[in-house]
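Here's a quick briefing on how this fold packs together. Have the viewer open and follow along.

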Amino acid sequence: MTAKIISGKEIAQQIREELRQEIAELKAKHKLVPGLVTVLVGADPASQVYVGQKEKTSTELGIYSERIDLPEKTAQNELMALIDRLNKDPKIHGILVQLPLPKHLDETAVLYAINPKKDVDGFHPVNVGKLMIGEPDYLPCTPHGIQQLLVRSGVQIEGAEVVVVGRSNIVGKPIANILLQKRPGANATVTVCHTGTRDISFHTRRADILIVAAGRPNAVTADMVKEGVVVIDVGVNEVGKTPDGKRILAGDVDFEGVKEKASAITPVPGGVGPMTITMLMYNTVRAAKLAAGLA
Ligand code: NAP
């Protein structure tokens with residue numbers, strides 16, 4: 001069997017088109033313009049690229065976008081005062097503070113200060129708790145993107161054996177929680193593996209759907225999966241540089257080996273990656289609708 005490739009690029013494009021139409025309608029019918037602010041402290045090159053991409057995508061879709069660049073030496077109280085102002089600004093429905101913050105800043109305190117209704121990353125404990133009890137306002141972007149990849153590729157999730165490798169707060173735990181919900185597009189039996197798991201292959205070989213977010217190249221190889229499995233590879237690992245200095249990226253899964261056994265698989269790049277920013281835009285639109293009583 002050679003796997004069907006699940007293209008995150010194509011699915012992200014579909015969702016962006018739906019969002020573009022929805023945003024145009026919100027403007028026309030309700031004079032509502034979703035607004036997103038991105039806050040970047042310091043000049044980390046990778047963070048600048050991510051913030052630039054978020055700004056560009058917002059603008060393309062018709063979202064009001066503000067970008068605030070603060071110097072590396074910004075004090076905690078200055079950043080907290082800014083968050084407070086943005087929490088009260090009615091034009092702004094979503095606040096995104098780009099991580100990591102410089103070391104002298106207390107990241108947790110900053111994230112907790114964001115009004116949960118404007119927490120479009122879905123990282124505030126209120127939103128984590130709401131997801132846990134099955135009443136989420138926002139789903140965190142990468143795990144929500146993974147669910148959409150599965151749903152929109154026609155993968156049967158209900159009743160499936162899902163195995164997640166990795167238990168981080170941004171990928172592993174939330175995707176496990178999302179797929180555990182008693183809802184359409186979920187209702188799976190979920191197992192979560194980590195470095196303390198005694199026999200990872202025992203679990204991965206049982207998986208109908210295998211989601212790998214370990215941050216290690218080749219964490220999953222062909223001998224660890226069963227025929228027909230659907231594989232979502234979340235990992236992004238730099239495994240070298242091209243002669244002209246461009247980064248060579250690989251996922252956490254041995255793509256070439258596993259694609260011969262899987263029924264479907266996401267590539268890296270072009271799989272989960274394009275979904276993350278798209279679901280941030282989705283959350284910003286949702287935040288605007290919630291604020292206006294339209295959700
Ligand atoms: P993380 O915080 O480093 O967590 C990795 C998790 O994997 C941990 O729970 C760790 O277990 C587990 N793990 C590591 N090696 C393992 C192994 N050999 N077997 C079983 N479990 C193992 O990473 P993350 O933030 O979740 O990110 C994971 C990967 O996804 C990274 O490559 C990251 O760059 C990528 N990512 C991509 C996107 C995107 O948009 N495409 C978004 C987020 C993350 P312990 O808890 O026991 O240490």
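The largest nonpolar core has 47 residues, and the ones touching the most other members are Ile-146, Leu-150, Ile-209, Ile-211 and Ile-232. A nonpolar core here is a set of buried Ala, Val, Leu, Ile, Met, Phe, Trp, Tyr and Cys residues joined through side-chain atoms within 4.5 Å, with buried meaning under 20% relative accessible area (1.4 Å probe, protein chains only). This is a predicted model, where local features need pLDDT of at least 70 and side-chain atom pairs count only at pLDDT 80 or more, while totals for chains, interfaces and linings use all residues. Residues are numbered from 1 along each chain as its sequence is written, and side-chain values use heavy atoms, with hydrogens and water left out.

**Strands 5 and 6**
- Strand 5 (residues 161-165) pairs with strand 6 (residues 189-193) in the parallel sense, over 5 bridges; pairing takes at least two DSSP bridges between the strands.
- Between these strands the chain passes through helix 7 (residues 172-180), and the β-α-β crossover is right-handed: with the strands pointing away from the viewer, the path from the first strand over the helix to the second runs clockwise.
- Val-165 has Cys-193 as its bridge partner in strand 6.

- Helix 1 has 23 residues and reaches 31 Å from first C-alpha to last, close to the expected 33 Å (1.5 Å times one less than the number of residues).
- Among the buried residues of helix 1 are Gly-8, Ile-15, Arg-16 and Leu-26, and their cover includes helix 2, helix 6 and helix 10.
- Helix 10 has 19 residues, and its end C-alpha atoms are 28 Å apart, which agrees with the 27 Å it should span.
- The buried residues of helix 10 pack against helix 1, strand 2 (35-41), helix 2, strand 4 (94-97) and helix 6.

**Ser-47**
- Ser-47 sits in helix 2 (residues 45-61) and is buried at 2% relative accessible area.

Methods: Helices (H or I, at least four residues) and strands (E, at least two) are DSSP runs, numbered from the N terminus. Buried means under 20% relative accessible area, exposed over 50%, partly exposed in between (1.4 Å probe, protein chains only). Contact means heavy atoms within 4.5 Å.
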